[in-house]
Amino acid sequence: MAERVKVLVVDDEEIVLQSVRKVLKSDEEHEFVIDSVLSPDEGLRLLDAGKYDVVVTDLMMPGIDGLQLIDRVRQVDRDARIIMITGYATMRTALQALRKGAFDYIAKPFTKEELRTVVKNAAQVKKVSEGAEEPVEVAATDEIRSFFNQTYARMLPDGTMYFGVEPGFLATIGAPLSIEISKIGETVPQGLPFATITGSNMRVFNLRAPFSARIVEINEKAVRDFSIVREDPRGEGWLLHVIPTDFQNELENITPLQE
């Protein structure tokens, strides 16, 4: 039986609303129930009246912008997964959206498959979170910084870092079939994917860089045998060894791991 997913779409352009409704057609996996509105105020009225699994919102809108809407949605329903639509020129704002509690963002221009994938990922993560018997506890340390409870940067004595996957996020993605990872020598900007994981349901999850950094080493053993990542994600299960760029500036702005 298809899983029922309630989606609220907020955008001040009717053509965008029509496009999203067309892309999010029900299939064998999901029955999408979509409400779409042209203003954040209308969206908030619907949120007051009922719960949604996923909220898709544009960033730039008159009145309440997308960042302010995230705050308002979180006040009304902290369980809703929020997806921000943003342009490349506002990538810094997309990171602000993640810090405010958005599940993910989609950069314009995006494809139909990208939109469907991120909405399905959000619905899946919400379902797993609701079904969990106990929340995953993650301890805070001075040497580790979490990137919105999805990935982490582990500080090393020589000023370099390890990037890896947070234990809580691992619990939401199922048994991975494969992982694609960036190459040695590449520089990955903060907030953009340094790797993608394909889960057992053939859904693709992005692992976003906690800091801008240049890759100097890949943990090939962990990439080949993902059980190492699952058993010791913050230790032997690190994925990338990197040299951070603009380290001090980003360290001051990153959201620290919450206790």
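The model is predicted: local features need pLDDT of at least 70, side-chain atom pairs count only at pLDDT 80 or more, and totals for chains, interfaces and linings use all residues. Residues are numbered from 1 along each chain as its sequence is written, and side-chain values use heavy atoms, without hydrogens and water.

**Exercise 1.** State the order of the six strands in the open sheet and find its edges.

Solution. 
1. Strands are DSSP runs of E with at least two residues, numbered from the N terminus; two strands pair if DSSP finds at least two bridges between them.
2. The order is β6-β7-β8-β14-β13-β10, with antiparallel pairing.
3. The edges are β6 (144-147) and β10; each has a single partner strand, so one side of each lacks a neighbour in the sheet.

**Exercise 2.** Locate Glu-236 and decide whether it is buried or exposed.

Solution. 
1. Glu-236 lies in the loop between α8 (227-231) and β14; helices are DSSP runs of H or I with at least four residues.
2. Buried means under 20% relative accessible area, exposed over 50%, partly exposed in between (1.4 Å probe, protein chains only).
3. Glu-236 has 57% relative accessibility and therefore counts as exposed.
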